[in-house]
Amino acid sequence: MNKPLLYIENSIQAKEDFNYAVEKYFNLINWQEECNILDVGCGPGNITYESLFPLLPKTMKSLVGIDLSTHFIDYAKSHYQKDQRIQYHHLDITTDNIPHEFEENFDNIFSFYCLHYIKNQQAAIRNMYKMLKPGREVFLNFLGHCTSMEIYSSLENDKKWKPFLKPDNLLAPTHTDKQAEKYLRELLENCGFTVRLSHKVEKIWIYPQKMFIGKQIP
Ligand SMILES: C[S@@+](CC[C@H](N)C(=O)[O-])C[C@H]1O[C@@H](n2cnc3c(N)ncnc32)[C@H](O)[C@@H]1O
């Protein structure tokens, strides 16, 4: 994922599922005055700024977006850093080196549509725990088992595409594990979290043909 504009134009499923999650679950969030907020896997920053930021307490101190993609972070910095309390950083959430200033820094950590791209979910969750202030909350919204992700495994066996794929990084445990909810709950609890709510929603998503036909990759 390194084409910010293409992503913004075509991430209608991510946007719709963000709205669904907000409508259903945001009333359960405990907000703090003067809070520090983290958005893990913020992508090009459109959801962070246009959708998440307006929902945060007006007294918020900082909103930090992190992402693995430098292309996305550069785009977010130049297009969606429209409030002085917003910052974007290039950071792999599975890193062994969380910046010192992020440790126990955040009141709420959000992650939208990112966890299903992470093979080492344990490292990601462990780091979220490290970055959270004691007793505070994370909110994770991501795809579980999703048939469209299986395209990656089939391409892994295709001579043409195989060189572009890193097989070790393909599918997250929450995609492949038949008992994904149990796996995730145990993972969160083993990292120190208490799970207040876990909700699996089954969905059928039909991509409009116009998303694919005649598209030029910039
Ligand atoms: C589908 S996009 C979601 C972007 C945005 N949150 C949204 O809802 O539109 C997934 C993002 O996760 C990021 N990502 C994947 N693995 C990551 C990692 N290990 N650390 C940080 N970000 C990661 C990708 O670079 C990508 O920007």
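Which polar backbone atom is 2.7 Å from a nitrogen atom of the ligand? I looked, and the polar backbone atom belongs to Gly41.

**Ground rules**

I am working on a predicted model, where local features need pLDDT of at least 70, side-chain atom pairs count only at pLDDT 80 or more, and totals for chains, interfaces and linings use all residues. I number residues from 1 along each chain as its sequence is written, and side-chain values use heavy atoms, with hydrogens and water left out.

**Ligand**

Tyr7 puts a polar side-chain atom 2.7 Å from an oxygen atom of the ligand. Phe112 has a polar backbone atom 2.9 Å from a nitrogen atom of the ligand. I also looked up the cover: the ligand taken alone exposes 590 Å², and the protein buries 95% of that (Shrake-Rupley areas, 1.4 Å probe; for residues, only the protein chains shown count as cover).

**Salt bridges**

My search of the whole structure turned up seven salt bridges (a side-chain nitrogen of Lys or Arg within 4 Å of a carboxyl oxygen of Asp or Glu). For the partners I noted burial as well: buried is under 20% relative accessible area, exposed over 50%, partly exposed in between (1.4 Å probe, protein chains only). Helices (H or I, at least four residues) and strands (E, at least two) are DSSP runs, numbered from the N terminus.

- Lys203 and Asp17 pair through their side chains at 2.4 Å, N to O. This pair links distant parts of the chain, 186 residues apart: Lys203 sits in the segment after helix 8 (180-190) and Asp17 in helix 2 (residues 12-25). Lys203 is partly exposed at 43%, while Asp17 is buried at 9%.
- Arg85 bridges to Asp83, with the closest N and O atoms 3.0 Å apart. I have Arg85 as partly exposed at 26% and Asp83 as buried at 18%.
- Arg196 meets Glu137 at 2.7 Å, N to O. Arg196 is in the segment after helix 8 and Glu137 in strand 5 (residues 132-141), so the pair ties together parts 59 residues apart in sequence. Arg196 is exposed at 56%, but Glu137 is buried at 14%.

I also found Asp107, Lys133 and Arg136 joined into one network by salt bridges that share partners.

**Asp107**

I followed up on Asp107, which is in strand 4 (residues 106-112). Asp107 is buried, at 3% relative accessible area. Its side chain makes a polar contact of 3.0 Å with the side chain of Lys133. Leaving out residues up to four places away in sequence, Asp107 touches several others, including Gln32, Cys35, Asn36 and Glu137 (contact: heavy atoms within 4.5 Å).

Key:
A polar contact is a pair of N or O atoms within 3.5 Å; within protein, one must be able to donate a hydrogen and the other to accept it, and residues adjacent in sequence count only if both atoms are side-chain atoms.
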